[in-house]
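Colleague: I have the model open beside the sequence. Can we go through the contacts and the strands one question at a time?

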Amino acid sequence: MSGRGDNPVILDLEGGSLRAVNARLQAENRTDSETYFRLLNPGGAHSLACGLDAPVLVGIEGHAGYFCAGMNQRAHVVVEGNAGQGVAENMMSGRVHVKGNSSQSAGATAHGGLLVIEGNAAARCGVSLKGADIVVKGSVGHMSMFMAQAGRLVVLGDAGDALGDSIYEARIYVRGKVGNLGADCVRKPMRDTHWKELKSLLQAAGCGNAETGGFQRYGSARELYHFKVGNVRAY
Amino acid sequence: MCGIVGLFLKREDTRSELGRLFSPMLVEMTSRGPDSAGVAVYRNPSPAECWKLTSFNPDPGFDWDRVAARLSEELQAETVAEPNDTHCVILCDGDPASAVEVIEQSDCTQVMSVGRLVEIYKETGLPRDVVERFGLESMRGSHAVGHTRMATESAVTTAGSHPFSTGPDICLVHNGSLSNHNRLREMLERTQGMRFRTENDTEVAAAYVTHRLQMGRSLHAAFEDCIDALDGFYTFVAATAGGFAVLRDPIACKPALLAETEEYVAFGSEYRALAGLPGIGNAEVWEPEPALVYSWGID
């Protein structure tokens with residue numbers, strides 16, 4: 001962890017209560033505090049570092065359970081291990097960085113900010129995404145970006161089945177193989193603007209030098225969610 | 001919900017640690033299943049020609065010696081009864097199917113498992129209480145699987161608790177719910193003559209695995225057969241005398257985490273169940289892929 005001075009505030013989950021740890025972190029909320037916290041012995045506890053709203057830096061030194069860094073605003077949360085389901089769910093802004101793998105529904109419904117996963121993300125990554133950016137350096141599981149409305153997902157590895165099912169206006173970039181595309185999700189041409197967008201997302205995620213040659217773009221065919229007069233009897 | 005855990009020790013010299021390592025894994029999963037808890041422990045091989053029948057009677061003061069005497073008399077068999085709270089491990093060198101019939105003649109008595117190694121202990125109540133009642137912490141052995149139950153498909157009873165054993169040394173625990181278990185139960189009853197003890201969906205899955213093993217399939221292959229045969233949500237952990245396997249349904253609705261070191265393979269519904277294991281910081285920890293069978297050991 002760099003750039004935040006040498007004196008982190010140490011919060012130890014072993015022997016300490018999760019509620020007390022989260023309350024300590026949230027005590028910085030609605031300030032411009034840049035305090036650096038180190039959470040020791042997370043032991044897979046759920047709901048770590050949730051509901052933060054300050055530009056603090058939180059290093060979680062181990063594996064996190066469900067809903068880590070949920071509803072994050074402005075904070076930079078780094079998980080040194082794996083994260084359980086729903087990491088950074090409903091994030092509004094800030095940055096969440098998982099050094100290992102994440103379980104399912106990473107970044108679910110997130111409105112803003114950046115989620116970076118160094119390893120793989122399991123099923124439903126970016127489900128119902130509403131504007132955040134997600135960069136996964138490994139692969140993502142099935143049903144990723146299901147009903148995603150806005151935001152971007154970049155996958156340096158492969159994507160599982162039913163990618164982008166029922167997607168709205170979110171954009172997906174995948175470098176590897178895609179199992180298959182979900183309903184109304186199609187491959188789209190990479191124009192200059194998309195190469196630029198992809199490059200800036202990779203740079204933001206700390207992998208600006210990654211090979212971009214194989215990337216393809218996927219998005220909505222807009223056949224499913226637009227009203228068509230031929231479907232009038234269905235309503 | 002429901003929580004499941006499993007621990008498979010790879011090395012003989014760590015077997016004295018099984019109960020001590022496994023008990024906190026089960027207790028940690030209390031919030032996923034506070035209704036009842038159960039474990040299958042593989043330990044203390046029975047002497048040659050002798051079977052272990054773990055039996056249950058709701059009365060902790062039940063006279064198991066009388067059952068043993070009746071077994072000795074009716075089957076002309078050597079029989080030893082080792083009671084443990086509401087359960088009793090009965091060692092008997094008679095025909096195991098006949099032994100089950102004799103044991104179950106007593107009111108409310110039920111055989112939970114038959115095998116050379118497996119012992120099953122399950123009860124309603126909090127996992128911590130179940131662990132303490134049966135002295136799980138001091139049990140040594142090669143592997144164990146456990147379950148903390150939040151009932152959805154059938155009543156909160158001892159018989160409806162997991163693990164389910166439907167064949168010699170086979171056991172299965174399940175997080176999820178099956179949707180085609182009634183038809184599959186009917187098929188197994190009709191074509192295989194299998195007998196069911198509960199209305200529980202998991203018992204049907206265990207019976208299906210047993211059926212495939214009886215057809216000569218390995219535990220790994222039997223789980224592969226489950227992907228086509230079973231409909232619904234499931235994360236399964238199954239064990240045989242020397243094997244240990246994990247399977248999640250094709251859409252991976254229910255959580256699962258595996259960890260492996262030189263010493264062990266551990267399974268938990270969540271990471272926190274594994275967090276106390278020795279060397280977990282350096283273990284390979286991963287989420288099993290949907291519809292992919294993972295197995296260890298020998299069948």
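Colleague: How many residues of domain 1 of chain B are in contact with domain 2 of chain B?

Modeller: Keep in mind that this is a predicted model. Chain B splits into domain 1, residues 3-44 + 123-297, and domain 2, residues 46-116. Their C-alpha centres lie 24 Å apart. On the domain 2 side, 17 residues take part in the contact, and on the domain 1 side the number is 14.

Colleague: What area is buried between domain 1 of chain B and domain 2 of chain B?

Modeller: The size of an interface is often given as the accessible area lost when the parts come together. Carbon and sulfur atoms give 42% of that area between domain 1 and domain 2 of chain B. The total is about 1,200 Å².

Colleague: Which residue forms a salt bridge with D85(B)?

Modeller: Domain 1 and domain 2 of chain B have 3 salt bridges between them. For D85(B), the closest N and O atoms of the pair are 2.8 Å apart. That is inside the 4 Å cut-off for a salt bridge. The partner is R133(B).

Colleague: How many residue pairs are in polar contact between those two domains of chain B, and how many charged residues are on the domain 1 side?

Modeller: The count of polar contacts between domain 1 and domain 2 of chain B is 10 residue pairs. On the domain 1 side, α4 (127-134) and β9 (164-167) of chain B each supply at least two residues. By class, that side has 4 nonpolar and 4 polar residues, and the charged ones number 6.

Colleague: Now the two chains. Which residues of chain B lose the most area to chain A?

Modeller: The contact involves 14 residues of chain B and 12 residues of chain A. Together the chains bury about 930 Å², with 47% of it on carbon and sulfur atoms. Three residues account for 43% of what the chain B side buries: Y271(B), R272(B) and E287(B).

Colleague: How many salt bridges does the rule find across the interface of chain B and chain A?

Modeller: The chain B side that touches chain A has 9 nonpolar, 1 polar and 4 charged residues. Between the chains, 6 residue pairs are in polar contact. For salt bridges, the number found across this interface is 0.

Colleague: On to chain A. In which sense do strands β7 and β8 of chain A pair?

Modeller: β7 of chain A covers residues 130-136, and β8 of chain A covers residues 150-155. I134(A) has L153(A) in β8(A) as its bridge partner. The two strands pair over 5 bridges, and the sense is parallel.

Colleague: Which residue of β9(A) stands opposite V155(A)?

Modeller: β8(A) also pairs with β9 of chain A, residues 171-174. That pairing is parallel and runs over 4 bridges. Opposite V155(A) stands V174(A).

Colleague: Where is P163(B), which a cis peptide bond joins to H162(B)?

Modeller: Omega of the bond between H162(B) and P163(B) is about 0 degrees.

Key
Residues numbered from 1 in each chain as written. Chains lettered and ligands numbered in written order. Predicted model: local features only at pLDDT ≥ 70, side-chain atom pairs only at ≥ 80, totals over all residues. Heavy atoms only, no water. Domains from an automatic or database assignment. Contact = heavy atoms within 4.5 Å. Buried area = accessible area lost by both parts, 1.4 Å probe. Salt bridge = Lys/Arg side-chain N within 4 Å of Asp/Glu carboxyl O. Polar contact = N/O pair within 3.5 Å; in protein donor to acceptor, adjacent residues only side chain to side chain. Nonpolar A, V, L, I, M, F, W, Y, C, P; charged D, E, K, R; others polar. Pairing = 2+ DSSP bridges.
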